[in-house]
Amino acid sequence: MPTYAVTGATGRLGRLVVGHLLDAGVPATEIAAVVRNPQKAADLAARGVEIRQADYDDPSTLPGAVAGVRRLLLISGDTPGQRVAQHTAVIDAARLAGVERLVYTSILKADTTTNPLAPEHKATEEVLAASGLSYTVLRNGWYTENYTDQLPQYVASGTILGATGGSKVSAAPRTDYAAAAAAALTRDEDGDTVYELGGTAFTFDELADAVTEVTGTTVVHRDMSTAELASALQNVGLDAGTAGFVAALDHSIAIGELATDSDDLSRLIGRPTTGLHDAIRAARA
């Protein structure tokens, strides 16, 4: 019977977590990958990982997915407006199955931030705290991929648009957060724990300088107001709602909500977090 289960195990974060567990020496027979589509988990099955089919939106599938598991990683869902119900269903199934500890991927400063992504995470944390389960909350900061995935656009336009007011963002690559999740899942904790996770903070000016240095193409940061950014994003094809949402995320950076002085991430992974230049080089490769 598997000791550990990872939900969303074929997603970009979940697959990395399973890989980190295996690389850390956890036997494949002790890992269950909880997935919606087992066909997408063929590579994990080939490595000996047990594949369990379940869907956050179908609570009847969840008890079997967590049965016999001692520790469960609940990777947050990706459907806005549905996450609290989805996460609550997983938490209820874990409680009824006698899971010893549940690890949840939340968002940086979930209990205080105005980040528009935060309310569902905060609500999930409240459900978890009331569940009676022992838990670890991983409040993940921004992924460096939020920016490195846009490298082609940055290089083509020579510009990074932002409304951050010169404030910093504590981003790290997805693999760093995955390593932290694997570490949190396997470590023994005393009581309930909340980790604030983020990499070395940088401004958008520093991001532009790093992109310029790594790519050899001059890229500059153009800072503007939240309203101006929303308008600019609409001009390049985003609908008004999406543009406003993206601009609101930058406002959250501007008021310091996506920067942290916490060293929880580096302590969990046992090494310095991946630097911005290295993340950009990896993205180009």
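A residue is called buried when its relative accessible area is under 20%, exposed when it is over 50%, and partly exposed in between (1.4 Å probe, protein chains only). The model examined here is predicted, so that local features need pLDDT of at least 70 and side-chain atom pairs count only at pLDDT 80 or more, whereas totals for chains, interfaces and linings use all residues. Residues are numbered from 1 along each chain as its sequence is written, and side-chain values use heavy atoms, with hydrogens and water left out.

A search of the whole structure finds 17 salt bridges, a salt bridge being a side-chain nitrogen of Lys or Arg within 4 Å of a carboxyl oxygen of Asp or Glu. In one of them, Arg95 pairs with Asp92, and the closest N and O atoms are 3.8 Å apart. Both residues belong to helix H4 (residues 83–97), where they are three residues apart, about one turn of the helix; helices are DSSP runs (H or I, at least four residues), numbered from the N terminus. Arg95 counts as partly exposed because its relative accessibility is 39%, and Asp92, at 31%, counts as partly exposed as well.

A further salt bridge joins Arg174 to Glu145, with the closest N and O atoms 4.0 Å apart. This pair links distant parts of the chain, since Arg174 lies in helix H8 (residues 174–186) and Glu145 in helix H6, 29 residues apart. Both Arg174 and Glu145 are buried. Elsewhere, salt bridges that share partners join Asp111, Glu125, Arg139 and Glu196 into one network.

Notes: Helix = DSSP H or I, 4+ residues; strand = E, 2+ residues; numbered from the N terminus.
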